[in-house]
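Please keep the sequence and the 3D view at hand while reading.

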Amino acid sequence: MTAETSQTLDRGLRVLKLLADTDHGLTVTELSHKLGVNRTVVYRLLATLEQHALVRRDLGGRARVGLGVLRLGRQVHPLVREAAMPALRSLAEDIGATAHLTLVDGAEALAVAVVEPSWTDYHVAYRAGFRHPLDRGAAGRAILAARQKTAGDPGYTLTHGELETGACGAAAPLVGVTGVEGSVGVVMLADVVPERVGTRVVEAAREVAEALR
């Protein structure tokens, strides 16, 4: 900490980050150990964060991220879209297929940015705001594969006909972007995804990740 920073605010933000990294919440004792402060300090931090709906505590006393963070995050998608657009445009024009950036939203995959190629006679219509289960479609499956990090993973996922009959998908996860879980991919009308598409979406995902860091 420096003279220009607030220790209390720093601790409060660390609480939010710790809670965001767990699916099961944390107790006051667990937070106390992780922060290296006494329980009284943690109680005060949680009480303040609860007043702003940034934290909630369940009946068992475990603290979790509150719904108030959604209000803070409303402007995140526009910023992410803006950062991703150059790479998506390049991908769409290069492959001749609809390119998209998809982020995790609960148990679903949410398309937040879509770019259609300008030179093709036809392409798949895919709109920002489209949702689908994480375990269906290349975009969601790429995200799930990144969570597992299995050996021999080529770094991209290919699917056929899972979301739309006759449509193929290829997607690669965003890697190394704190607080953002998602993928970059393309969807096309084809029987088989051309070999070079997989490596190209990996490249695009890397470009988007760099733009978001």
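## Terms and basis

A residue is called buried when its relative accessible area is under 20%, exposed when it is over 50%, and partly exposed in between, as found with a 1.4 Å probe and protein chains only. The model is a predicted one, in which local features need pLDDT of at least 70 and side-chain atom pairs count only at pLDDT 80 or more, while totals for chains, interfaces and linings use all residues. Residues are numbered from 1 along each chain as its sequence is written, and side-chain values use heavy atoms, with hydrogens and water left out.

## The chain as a whole

The protein chain holds seven helices and eight strands, where helices (H or I, at least four residues) and strands (E, at least two) are DSSP runs numbered from the N terminus. Its C-alpha trace spans about 65 × 35 × 30 Å along the principal axes, and 40% of the 213 residues count as buried.

Contact here means heavy atoms within 4.5 Å. Among the contacts in the protein chain with a separation of 6 or more, 49% are between residues 24 or more positions apart.

## A buried histidine

H132 belongs to strand β5, which covers residues 131-133. With a relative accessible area of 3%, H132 is buried. Leaving aside residues up to four places away in sequence, H132 touches E108, A109, Y126, A139, G140 and L163. A polar atom of the side chain of H132 also lies 2.8 Å from the backbone oxygen of R136.

Strands β6 and β7 (residues 167-173) run antiparallel and are joined by four bridges; two strands are said to pair if DSSP finds at least two bridges between them. Within this pairing, T159 stands opposite G169 in β7. The two strands form a hairpin with six residues between them, and G161 in the turn has a positive phi of about 70°.

V192 sits in the loop between β8 (182-189) and α7 (195-212), and V192 is exposed, with a relative accessible area of 61%. Although V192 and T159 are 33 residues apart in sequence, their C-alpha atoms are 9.3 Å apart in space.

Technical notes: Polar contact = N/O pair within 3.5 Å; in protein donor to acceptor, adjacent residues only side chain to side chain.
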